[in-house]
Amino acid sequence: MAKTKENPFPSIAQCASIGRDKHTVVADMDGTLLRGRSSFPYFALVAFEVGGILRLLFLLLASPVAGILYYFISEAAGIRVLIFATFVGMKVSDIESVARAVLPKFYSSDLHPETWRVFSSCGKSCVLTANPRVMVEAFLKDYLGADMVTGTEIHVFRGRATGLVKSPGILVGKNKVDALENAFKDKPVADIALGDRKTDYPFMKLCKESYVVPAKPKVEAVSHDKLPKPIVFHDGRLVQKPTPFMALLTILWIPVGFLLACLRIAAGALLPMPLVYYAFWALGVRVHIKGTPPPPAKKSIGQTGVLFICSHRTLLDPIFLSTALGRKIPAVTYSLSRLSEVISPIKTIRLSRDRATDASMIKKLLEAGDLVICPEGTTCREPFLLRFSALFAELTNELVPVAMANRMSMFHGTTARGWKGMDPFYFFMNPSPAYEVTFLNKLPHELTCSAGKSSHEVANYIQRMIAASLSYECTSFTRKDKYRALAGNDGTVVEKPKLSPNKVMGC
């Protein structure tokens, strides 16, 4: 890109990234650090995750006004409308929660490769953005390693956002210049400035070198394996980034999807299990079965049941296992909402989190027949397996690993921050959700605890076995790690205070 009167700076492609260890870079966010120039999808995520469908509708209705102001009158005025429509009346703690648990997944999927090449090569980095700081700071500091984040500050009254912004207002144009001068008033001027539009030019002129990120040609986002920190845990209901079109589609689909979900759940709960597989296919739910499942236990000859060891994608894993087998398999679970228990077509048994009590209960259940357990203790959406609790390996040698994988196009069927009772509804609200159930070979006797293996070795082996079949990566993360990252607690369900919390067991 050549320099012109309208564009006085060279393209970022001309910026060298070698030998920048001692340099400081200042970058804009939308259109610069991120490929997308519109911040609407991220405001829409906050609107939906905190305020629900009605807040998303309000934001969508306000977006044409914001667009007209942004492009024809004032960039700052357009952003003010988005901030007001999204934030007014919201608890700041809820906004911070979404910024920490939901937005990083979407931001990281839109990272500009050229900007990241330069940004990551510098010893110190600062992001200067018109976006509300409360929305972007967690991602920029925790996942990209930014040393300083300066953004628009929202006005708060008694813990709630008023929808207004604090002085000096939206950080565009001169406000960005003032913010940069305040940020570096006691420091040398930044070495590199990166921006993408005319309103960035004033702050870019303050730096030693300045480069423009062109809007075209379109480029592929930085691949996940090149991110400085992998995103293992994330929350939120929406699978796809809510562009205005996707937001409208979501709003229109939710009433239809909820009725469809009720029908699918009713079919699973009321029909005989051998028919559920066919009912699901007729209702658009795809169930793919791989491998050879073991036959049912024969109690007449004293044969105990097998323990199915499943990877954990949603709380519906045991139900789809039963669907694949054509018979109801009871499931033991660490936590389940009352509503999920009521609508479940299979028997669910809560673990008490007391090791001795749980071991005794599982042994009795296995004497009665087959049983399923998800030893990760909590779900994981990304291609990772969390650490397996080792308790199951001590209780039986009849272990059958099952690799569970699913596909959702619109809504995630799990949550860490929201009401878990809606998890099955959100899963079945997807237009055509799918589950893949892969039965792996039964664990050989020589690899069980009775052959001298420790329970941790057995749990580790099965974790690796399932991960290999799914092309997933094993981790040592636990339930507590997930909930501390997403919800700020250890994931303990406080429904039965008389029971002592279970210690995390695993390898």
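Predicted model: local features only at pLDDT ≥ 70, side-chain atom pairs only at ≥ 80, totals over all residues.
Two strands count as paired if DSSP finds at least two bridges between them. Helices and strands themselves are DSSP runs, numbered from the N terminus, with at least four residues of H or I for a helix and at least two of E for a strand.

Residues are numbered from 1 along each chain as its sequence is written, and side-chain values use heavy atoms, with hydrogens and water left out.

I start with the sheet. Five strands make up an open sheet with parallel pairing, and the order is β3-β2-β1-β6-β7. The edges are β3 (148–152) and β7 (209–212); each has a single partner strand, so one side of each has no neighbour in the sheet. On average, neighbouring strands here are turned by 15° against each other, direction ignored; the axes behind that angle are lines fitted to C-alpha atoms.

Within this sheet, β1 (residues 24–27) and β2 (residues 124–132) pair in the parallel sense over four bridges. Opposite A27 stands V127 in β2.

Next, the hairpin. β4 (residues 154–157) pairs with β5 (residues 160–165) in the antiparallel sense, over three bridges. I154 has V165 in β5 as its bridge partner. Two residues lie between the strands of this hairpin, and R158 takes a positive phi near 50°.

Now the pockets. A pocket is an open set of points on a 1 Å grid over the protein atoms alone, where a 1.4 Å probe fits, with protein on both sides within 12 Å along at least five of seven lines; a lining residue has an atom within 4 Å of a point. Volume means the space filled by probe spheres set on the points, which are joined across faces, edges and corners.

The largest pocket has a volume of about 500 Å³. It is lined by 24 residues, and R37, S38, Y70, Y71 and R197 are the closest to its centre. Which element gives the largest share of that lining? It is α2, with six residues. α2 (40–73), α3 (75–87) and β2 each supply at least two.

The second largest pocket holds about 380 Å³ of space. Its lining has 17 residues, with R35, G36, R37, A215 and K218 nearest the centre.

Conventions: Axes fitted to C-alpha atoms, helices over the stretch in contact; angles between N-to-C directions.
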